[in-house]
Amino acid sequence: MDNYALADNFSLLAKLIDIHGDDSFKAKSYSSAAFTLEKLPMQVAELPSAKLFAIKGIGQAIGKKIIEQLETGRLQSLDEYIIKTPPGIIEMLRIKGLGPKKICTVWKELGIENIGELLYACEENRLLLYKGFGAKTQQNIKDGITFYLASQGSFLFSQIEEFGKKFTEILQAEFPANTFLPTGAFNRHDLVVHKLEWVTDAAINELKEFFESKEYTVEIAGNLLQAKGPENVAIECIVTPKAELYTRLFENNCCSEFFEKWKNRFGWDETASYSSEEEVFSQHKLSFIPPYLRELPLFIDKAAQQSLPVVIEPGDVRGIIHSHSNWSDGVNTIEEMAKAAKKQGLEYLVISDHSQSAYYAGGLFPEKIIEQHKLVDELNKKLAPFKIFKSIESDILSDGSLDYPDEILASFDLVIASVHSNLKMPEEKAMARLLKAIANPYTRILGHMTGRLLLSRNGYPVDHKAIIDACAEHNVVIEINAHPRRLDMDYHFIPYALEKGVLLSIDPDAHSIDEYNHVRSGVLAAQKGGLTKEKNLSSFSLQEFESFLQMKMQNEK
């Protein structure tokens, strides 16, 4: 090991000690040793023990740990800290502007264990509640995480959508005589995109010259060109003769399971020539299946039966359900949020701030709820016919109960029940917790079913079908949380929910006016599962929404 490797180990050990809030004197000693090692003009591996111990800033104790590493390649005390530290906490040290003290607060006070969760907390303004985290610090951390995640090469669809569209325009402008057709995961609006793909009839050597002129790294394998540039976005060009453009496009616009079912049912000629993708379907007397529906093979059967759903569109959403104001961890006042929704042509707003157990998010205690409800009554007189509904995003507690006694829950127009704490659960525990909350007569909507954060956290394991069955039994709506990092419930289970007669609700989980835009991400995800506006609660008109709430209240009685 050279001096730099030794210094890195001591530096990491010092930081981990600080993160755990342990002996600050030792942390400073290890940090000082790291600094000394980096500045030494000679390699300590070449020194006898006596000279090593005599170096200022090293001494006996540090010297012995250097020898330990030189002889074994390991530092036992560092290994011990690594074992008891979540990997995501260690990864946070890579984020610019996020030092050990702040990481300690994030971990111990907020219960956050990876950078994805931390980014989500920044987006919900939760850091502002803690000492040492001002708005500027929170924004710097958010920017640092966004930059770091981009460097990993995988992107949420919402992050890569604009880049993909613009790059198509760049390619088409550079090669005006050729065709570039977006395909693959990007064209299917997948929730997470690992690469951007185009089918093209451009010459592969000319493509190579173009990308290399832009300082992209380029690899060619047969008819496939792969490139990656400074944005760290993986790019693939599938080069094919002009006559086979739409043949290749169809193949790559289908996920593997969909394409396998297609081939088993209809066969497939790789050399066939089509003038459009529509021709592929009309040849077999099928309705055209748009790429975003080509994740689930069941839509082949629906197309054959001429029963493809007319999927929901962003303009079909008529109200904002699930939003947070500055009464908890939101940015805007309730009045600001209501006026913004009204200005966008929406008919109603459901304010659902956090409940009292969510102390990290400024959750509302009963006296604050009474104050907020008075304010909502005043605003409704002022803003009519637009209406604000009184709601709460109630934590589902560890035993499955909701966060308030019945008399408080009864004061809301509707309750959204969500899990926010103790996320590390086996399926048995998660199911017991969720099923009890669903059975609570005050639960109207089940929020973000699995607690997942895309590219960050898988969420707790659940039996989706059993939860859907329970929601059908208790007339509980299942949320499609439209935050681009959640998109939870997953679209794969939308068809089953619809089969069971369960209403879904595309909700932005907005913590600011700007986050009303999350609705679009939720709609694009919901389209992939075939959701229609008729089965989406947030597409109900104000009158329909009020009728829904009244019907639920009558059922309780």
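**Notebook: contacts and charges**

I started with contacts in this predicted model. Among contacts in the protein chain with a separation of 6 or more, 69% are between residues 24 or more positions apart. I then noted 24 helices and 14 strands, and that 55% of the 557 residues count as buried.

Next I looked up charges. I found 61 positive and 78 negative side chains, with the centres of the two sets 4 Å apart. The salt bridge count came to 28.

I picked out a few pairs. Glu236 bridges to Lys195, with the closest N and O atoms 3.2 Å apart. Glu236 sits in strand 7 and Lys195 in the loop between strand 3 and strand 4, so this pair ties together parts 41 residues apart in sequence. I have Glu236 as buried, at 10% relative accessible area, and Lys195 as partly exposed, at 32%.

Lys242 and Asp201 also pair up, at 3.3 Å from N to O. Lys242 is in the loop between strand 7 and helix 13, Asp201 in the loop between strand 4 and helix 12, so parts 41 residues apart are tied together here. Lys242 is exposed at 54%, whereas Asp201 is buried at 15%.

Lys390 lies in strand 10 and Asp377 in helix 18, 13 residues apart. Lys390 is buried at 16%; Asp377 is partly exposed at 37%.

I also logged a salt-bridge network linking Arg188, Asp190, Glu295 and Lys528.

Last, I checked the surface: Glu427, Asp463, Asp469 and Glu473 gather in a patch of negative charge. Glu427 belongs to helix 20 and is partly exposed at 38%.

Note on methods: Residues numbered from 1 in each chain as written. Predicted model: local features only at pLDDT ≥ 70, side-chain atom pairs only at ≥ 80, totals over all residues. Heavy atoms only, no water. Patch = residues over 30% accessible without salt bridge, like charges linked within 9 Å, V, L, I, M, F, W, Y side chains within 5 Å. Areas by Shrake-Rupley, 256 points an atom, 1.4 Å probe, with all protein chains shown as cover. Salt bridge = Lys/Arg side-chain N within 4 Å of Asp/Glu carboxyl O. Lys, Arg positive; Asp, Glu negative; His and termini not counted. Charge placed at Lys NZ, Arg CZ, Asp CG, Glu CD. Helix = DSSP H or I, 4+ residues; strand = E, 2+ residues; numbered from the N terminus. Buried < 20%, exposed > 50% of the residue type's maximum accessible area, 1.4 Å probe, protein only. Contact = heavy atoms within 4.5 Å.
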